[in-house]
Every structure is written in structure tokens, then in C-alpha cells.
Amino acid sequence: MTGLVRLQPHARTTTLASAVAAFLVEHELSPGSQRVYAGALRSLQLGLGADTALALLDEPGASDRFAAWFHGRYDQTAPATRVRQLAILRSACAFWRRQAWITTDPTAGLERPNVPVDRTRALTRHQLASLWRRNDVWLRERALWRVLYETAARANEILSLDLDDLDLPNKRARVRSKGGATEWVFWQTGAALLLPRLLAGRTTGPVFLTDRQPTRAVPSIDLCPVTGRARLSYRRAAELFAEATNGWTLHQLRHSALTHAAEDGTNTPILLARSRHASVRSLERYARPGPEAVARHVAEHDPARRRH
């Protein structure tokens, strides 16, 4: 277990715990992002001490102690995890500097890890067609997977949907996006045929529910007043998808939707609007044609094919 690096608290100053709370209140995050950000900053509090005076991060040697904590906490995790955690910490430190609680950036000495690009992350259209045809999968999972693919939305956004967010006649729903904005996502016929069957006349509560009633207290917003069941969690939804597909991830449905749209010639402004990325650079890895499209292109332009 990584040893904790604690700093001595000063009186009458902003503590790390209060600074973290202020950051989370100031930023209107989606429920999924709120959990991720809070988890990363909770780890920081455990490592440095919740009652630590934030101003101590400006003292000589503080950046080295900060880096030592970060490496001890995250060096054994995946590069993508380190990139995400570092981005959260830098965002928090930038906010604290704007509040004049600190004047330096304790994350300055930390380098962004290189994340290997997985060129096979998008599923092929054949794989998806086989998935849609499966009759051994529960209706809830079939509806969730179709909505995720057809909307190209993030899994946490869809799992956070309540019935009030749905506009079934227009095949769309309001989601709270990664940056906190409320935006529309749109689905197609596959999801449109499954959702009414899943809802079965319910008019309020979460869209996607657990199999049974909870055994411990659950926030009212995450409970269905009709069935008493709770909102399906990301962890459980991801487990079920991985079990049914031998290791696929829910994110691959979003990735695949955007890749397939790019292969079909969808222009960049529409892809950005659909993915709701902040920049073209963020979209690039999704819009790269997959092996299936490349193989089709090569076959279609084979000189021998033209002679037949």
C-alpha cells in the first residue's frame, strides 16, 4: 500500500478539503463526471491530508512531494487513467490559482503519460449486426446497447436519463454532457422500437433500472416510484456488456458509431455535433476509418476486379 505524504496544516487558511468542495460546487458536472472528479480529488485528500492548508502547496519542495504522491498513487495504473487523473488535478489547481488560494502549479513537474492508440477499438458493422440479432439478451440490455450506439452518447449520460428527459415521438433525449451543458441526443428506429417495450407504461423515474429492489438506501432521484427499483449503475451495465460480449466495453459502442458515421462520409461539423467533443482534435481518433472500411476500399480498387 502506498504511504501517505501528509503536510502539516496551518490555521486560518483554506484547507484542501474546503478547496476541493469549492471546486466541485463551482463546476456544473454531469453525475458521472461528478463521481470521477470527486474520486480523484478524494484520493488527493487522503494522500496529502484533508486539513492541509492549501497554501502549503506553494512552499519550496511541495511540488516534489506532490509528484511523489502522484507517482506512488498512479504509476501502476493504466496510462489512460493517469492522463485522466492528472487532467482533473490540473483543472482543480487552475481553479485554486484563479481564487488566489495558491500562486504556483504543483502539477507542473508531472508529464502527461503517452497513451497507446488502440486502432481496433471500433467494432465492425458485422459484429454489431450479430449483437443486434441475439435473442438471449434481456430487453433492458438490448435497449441500452442500441441507444448507446445510435446516439453515440457516453454511457454515463444515457444511464442518467429519466423518463422526463425522453422525447419518444422525435427519437431524442436531453442529456447533461461532460461539460455540464444540457444537450439533445438522437436515436434511430432500432432503439425507437425497443424503448416503449422497456418502459412498459412507466411515466416517471430512471429509464434503465436494476433487476431487483435495492437492499440499502438509495437517493430518491435514483429510485423508480412505480417498481421501487434503482437506477442501473455504470459498473453493473459495463459488467453485463463485457460478460455478454467476451470483453467489449460500453465505450466501444460510442466509438463505433462515430467511426461508422465517418466512414459513411459524415462531415466534420455533424460529427462534432453528434459526438459533442470540444475540438476536432478530440474527435480524430474516433473518425479514423476501421479495418473493415479499409479492406472494403482496397477490394473495390483492386485492378484485377476491374477486369471482370
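Leaving aside neighbours within four places in sequence, which residues is Arg140 in contact with? The answer comes below, after a look at the whole chain.

## The chain as a whole

This is a predicted model. The chain has 308 residues, and 40% of them are buried. It holds 14 helices and three strands.

Consider the contacts between residues at least 6 apart in sequence. Of these, 61% join residues at least 24 apart.

Arg140 sits in helix α6. Its relative accessible area is 8%. Buried means under 20%, so Arg140 counts as buried.

Now the opening question. Beyond its neighbours within four places in sequence, Arg140 is in contact with Leu198, Phe208, Leu209, Thr210, Asp211, Leu232 and Leu240. Look also at Leu199. Along the chain, Arg140 and Leu199 are 59 residues apart, and their C-alpha atoms are separated by 9.3 Å.

## Helix α6 against helix α8

Arg140 also takes part in the contact of α6 with α8. The two helices pack at an angle of about 145 degrees. Their axes are 9 Å apart. The crossing is left-handed.

From α6 come Leu139, Arg140, Arg142, Ala143, Arg146, Val147 and Glu150. From α8 come Thr189, Gly190, Ala191, Leu194, Leu195, Arg197 and Leu198. By class, this contact has seven nonpolar, two polar and five charged residues.

## Helix α6 against helix α5

Helix α6 covers residues 139-151, and it also packs with helix α5, residues 125-133. How many degrees is the angle between α5 and α6? It is about 150 degrees, with the axes 10 Å apart. Angles over 145 degrees count as roughly antiparallel. The helices α5 and α6 are therefore roughly antiparallel to each other. Their crossing is left-handed.

Leu128, Leu131 and Trp132 represent α5 in this contact. They meet Trp145, Arg146 and Tyr149 of α6. Five of the residues are nonpolar, none is polar and one is charged.

## Helix α11 against helix α12

Next come helix α11, residues 268-275, and helix α12, residues 280-287. They pack at an angle of about 95 degrees, and their axes are 10 Å apart. Angles from 65 to 115 degrees count as roughly perpendicular. That makes α11 roughly perpendicular to α12.

On the α11 side, the contact uses Thr268, Leu271, Leu272 and Ser275. On the α12 side, it uses Val280, Leu283 and Ala287. The residues divide into five nonpolar, two polar and no charged.

Which residues of helix α1 are buried? In this helix, residues 16-26, they are Leu16, Ala19, Val20, Phe23 and Leu24. They cover an arc of only 135 degrees around the axis, so they lie on the same side of α1. Val25 and Glu26 are on the other side, and they are exposed.

An α-helix has 3.6 residues a turn, so residues three or four places apart point the same way.

## Pro225 in a loop

Pro225 belongs to the loop between α8 (189-199) and α9 (234-245). Is Pro225 buried or exposed? Its relative accessible area is 61%. Exposed means over 50%, so Pro225 is exposed.

Pro225 still has contacts beyond its neighbours within four places in sequence. These are with Thr204 and Gly205. Pro225 and Gly205 are 20 residues apart along the chain. Their C-alpha atoms are separated by 6.5 Å.

## Two residues with positive phi

Ala200 is in the loop between α8 and α9. It is not a glycine, yet its phi is positive, at about 50 degrees. Ala200 is exposed, with a relative accessible area of 63%.

Asn246 lies in the loop between α9 and α10 (251-263). Its phi is also positive, at about 60 degrees, although Asn246 is not a glycine. Asn246 is exposed, and its relative accessible area is 77%.

Methods:
Residues numbered from 1 in each chain as written. Predicted model: local features only at pLDDT ≥ 70, side-chain atom pairs only at ≥ 80, totals over all residues. Heavy atoms only, no water. Axes fitted to C-alpha atoms, helices over the stretch in contact; angles between N-to-C directions. Helix = DSSP H or I, 4+ residues; strand = E, 2+ residues; numbered from the N terminus. Parallel < 35°, antiparallel > 145°, perpendicular 65-115°, else oblique. Left-handed = near helix turned anticlockwise from the far one by under 90°. Contact = heavy atoms within 4.5 Å. Nonpolar A, V, L, I, M, F, W, Y, C, P; charged D, E, K, R; others polar. Buried < 20%, exposed > 50% of the residue type's maximum accessible area, 1.4 Å probe, protein only. Arc of directions from axis to C-beta.
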